[in-house]
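Biologist: I am new to this model. Please pick a single part and take me through it closely.

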Amino acid sequence: MAPASSAARVAIGTSLAGGALSALSNAPLQFGHLLRGRFPTVAVTGMTGVGKTRLADRLARRASVESTVDVGSATMERRTRKTAKGRGFRFRVVPGDNAATRLSALDEVFHDDPVDGVLHVVANGHATRRANAATDTTRESLLAAELEDFTITAHRIASMAVRRDKPVWLIIVVTKTDLFSDDVAAAVHYYSPGSGSPFAAKVDELRSLAGGARLSVDVVPMYTEAQTSTGKEKKHAERASAHLLDRLESRMAQLSGHV
Ligand SMILES: Nc1nc2c(ncn2[C@@H]2O[C@H](COP(=O)(O)OP(=O)(O)OP(=O)(O)O)[C@@H](O)[C@H]2O)c(=O)[nH]1
Ligand SMILES: [Mg+2]
């Protein structure tokens, strides 16, 4: 009975918080699960502040209001992308930095209800820290934190992959490339298997643990918003970002057997 009562709580919370209008606009979600059951599930992982929420919102064609792109999501975020052809994906965004909810979210996506694929988000040492974060925020320390975070996630992915009877895919999404546009190729190289970097060593270890046939690994550049402000530049940046998102989505579709 637990799921039904928690669903009821959510429904009550929604109508109290948002009034009748928002309860109405949420209504399709209540039978949407019948359709969503067929969509491949995708875990979105990565350390806090790298841009997971923002990426999932863009992929799900959900406009992020400013308040939803605050660093430090406290719970697992669920997003669904439905394409025109009736295909789609269900995204599960694992909070990057919240001990209790993070661990249960990792258990859910990699063990209890194992996902079909993983988008592991990295930002080449450009993660945004919370305003009150006491920790060191040099680029080196943020890169080290990304590496540590990936090490933990990679172990979870490996143990899931060896248990599954179908192959699992991993796409390492190198985001915020708008912040290091001259070094994108070097960053992609740093995260790529076999490149000899500390991160690559972890990717190589993951591949040998999981077995090449059970796990595919891609590395793709991305940015989901740009710091530029002037009209023409902004239009150009938005178009380029939309193109990168389309490419990522096509690759996910390919890996999921949609095409
Ligand atoms: N310049 C730039 N900023 C970005 C990009 N993607 C995300 N950001 C910003 O980076 C910050 C963190 O993004 P989030 O999506 O909240 O990060 P998160 O990974 O969900 O973080 P947690 O919820 O703490 O795990 C936000 O202020 C975003 O606006 C990007 O591609 N380029
Ligand atoms: Mg978040």
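Modeller: Start with confidence: pLDDT is the predictor's own confidence in each residue, from 0 to 100. Here the chain has a mean pLDDT of 84, and 80% of its residues reach 70 or more. Residues 1–36 fall below 50, and this stretch has eight contacts in the model beyond near neighbours in sequence. Two residues are in contact if their C-beta atoms, placed from the backbone, lie within 7 Å. Where pLDDT is low, the predicted coordinates should not be read in detail.

This is a predicted model, in which local features need pLDDT of at least 70 and side-chain atom pairs count only at pLDDT 80 or more, while totals for chains, interfaces and linings use all residues. Residues are numbered from 1 along each chain as its sequence is written, and chains are lettered from A and ligands numbered from 1 in the order in which they are written.

The chain has eight helices and six strands. These are DSSP runs numbered from the N terminus: helices are H or I, at least four residues, and strands are E, at least two. Of the 259 residues, 33% count as buried. Buried means 20 or more other C-beta atoms within 10 Å of a residue's own; exposed means 12 or fewer; partly exposed lies in between; C-beta atoms are placed from the backbone.

My pick is helix α7, residues 198–210. Its 13 residues should span 18 Å at 1.5 Å a residue, counting one less than the number of residues. The end C-alpha atoms are 19 Å apart, which agrees.

Which residues of α7 are buried? They are F199, V203, L206, R207 and A210. The arc is that of the directions from the helix axis to the C-beta atoms. P198 and S208 are exposed on the face turned away from the buried side.

The buried residues of α7 pack against helices α5 (139–163) and α6 (184–191), and against strand β6 (215–221). After α7 comes G211, with a positive phi near 95°.

Helix α5 also has a part in the packing of α4, residues 99–112. The buried residues of α4 pack against α5, β1 (41–45) and β3 (88–93). They are R102, A105, V109 and F110. An arc of only 105° around the axis puts them on the same side of α4. On the other side, A100, L103, D107, H111 and D112 are exposed.
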